[in-house]
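Here is a short briefing to read alongside the model. Take a look at the sequence and structure first, then join the tour below.

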Amino acid sequence: MAPAAASGGSSLPSGFAVFITFPDLLFIFEFVFGGLVWILVASSLVPVPLVQGWVMFVSVFCFVATTALLVLYLIGTHGGEASWVTLDAAYHCTAALFYLSASVLEALATIEMYDGYTYKQYHENISAVVFSYVATLLYVVHAVFSLIRWKSS
């Protein structure tokens with residue numbers, strides 16, 4: 001396996017160094033909060049099905065892509081190639097943009113459902129909105145630090 005990169009270095013970590021370097025440590029939190037968004041949106045009622053479809057697409061896509069990227073980093077597939085640093089930055093910027101759009105749409109749908117829905121359904125959607133914004137923040141932070149790493153590579 002390739003040697004692990006130090007935090008702030010211009011190369012990607014491999015192996016278990018992924019769990020101790022920043023911003024790659026954020027993979028775990030992106031995985032957890034993205035999964036929570038996926039579960040909450042899948043179990044909640046949204047008055048606009050198109051909104052629920054977009055939020056589900058974003059949460060499932062980012063969950064699967066983040067998991068795949070984490071596994072590829074763990075097994076050291078990147079081999080220290082600079083193109084993987086570009087891929088990492090591009091993915092996290094795209095995921096941050098997707099999650100921001102999904103969070104805003106989910107919040108608007110939740111605001112619309114204030115009247116006419118049960119207390120439980122409304123609070124499930126509020127939880128989905130909160131976790132969606134947390135996932136957005138995680139992806140934005142990861143994107144910023146990935147862009148810094150990309151620029152220094």
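**A buried charge and its partners**

Asp 88 counts as buried, at 0% relative accessibility; buried means under 20% relative accessible area, exposed over 50%, and partly exposed in between, with a 1.4 Å probe and protein chains only. This is a predicted model, in which local features need pLDDT of at least 70 and side-chain atom pairs count only at pLDDT 80 or more, while totals for chains, interfaces and linings use all residues. Residues are numbered from 1 along each chain as its sequence is written, and side-chain values use heavy atoms, with hydrogens and water left out.

**The salt bridge**

- Asp 88 forms a salt bridge with Arg 149, with 3.1 Å between the closest N and O atoms; the term stands for a side-chain nitrogen of Lys or Arg within 4 Å of a carboxyl oxygen of Asp or Glu.
- This pair links distant parts of the chain, 61 residues apart: Asp 88 sits in helix H3 (residues 82-112) and Arg 149 in helix H4 (residues 119-152).
- Helices here are DSSP runs of H or I with at least four residues, strands are runs of E with at least two, and both are numbered from the N terminus.
- By this rule the count comes to 1 salt bridge.
- Arg 149 is buried too, with a relative accessible area of 6%.

**Ser 146, another partner of Asp 88**

- Ser 146 belongs to helix H4 and is buried, at 0% relative accessibility.
- Its side chain makes a polar contact with the side chain of Asp 88 at 2.7 Å; such a contact is a pair of N or O atoms within 3.5 Å, where within protein one must be able to donate a hydrogen and the other to accept it, and residues adjacent in sequence count only if both atoms are side-chain atoms.
- Leaving aside residues up to four places away in sequence, Ser 146 touches Pro 23, Asp 88, Ala 89 and His 92, where contact means heavy atoms within 4.5 Å.

**Annotated spans**

- An unreviewed UniProt entry lists residues 16-41, 53-76, 96-114 and 126-148 under "transmembrane region"; positions follow the numbering used here, feature names are shortened, and annotations may be inferred rather than shown by experiment.
- Residues 53-76 are 92% helix and 0% strand, and their end C-alpha atoms lie 34 Å apart.
- Residues 126-148 are 100% helix and 0% strand, with 33 Å between the end C-alpha atoms.
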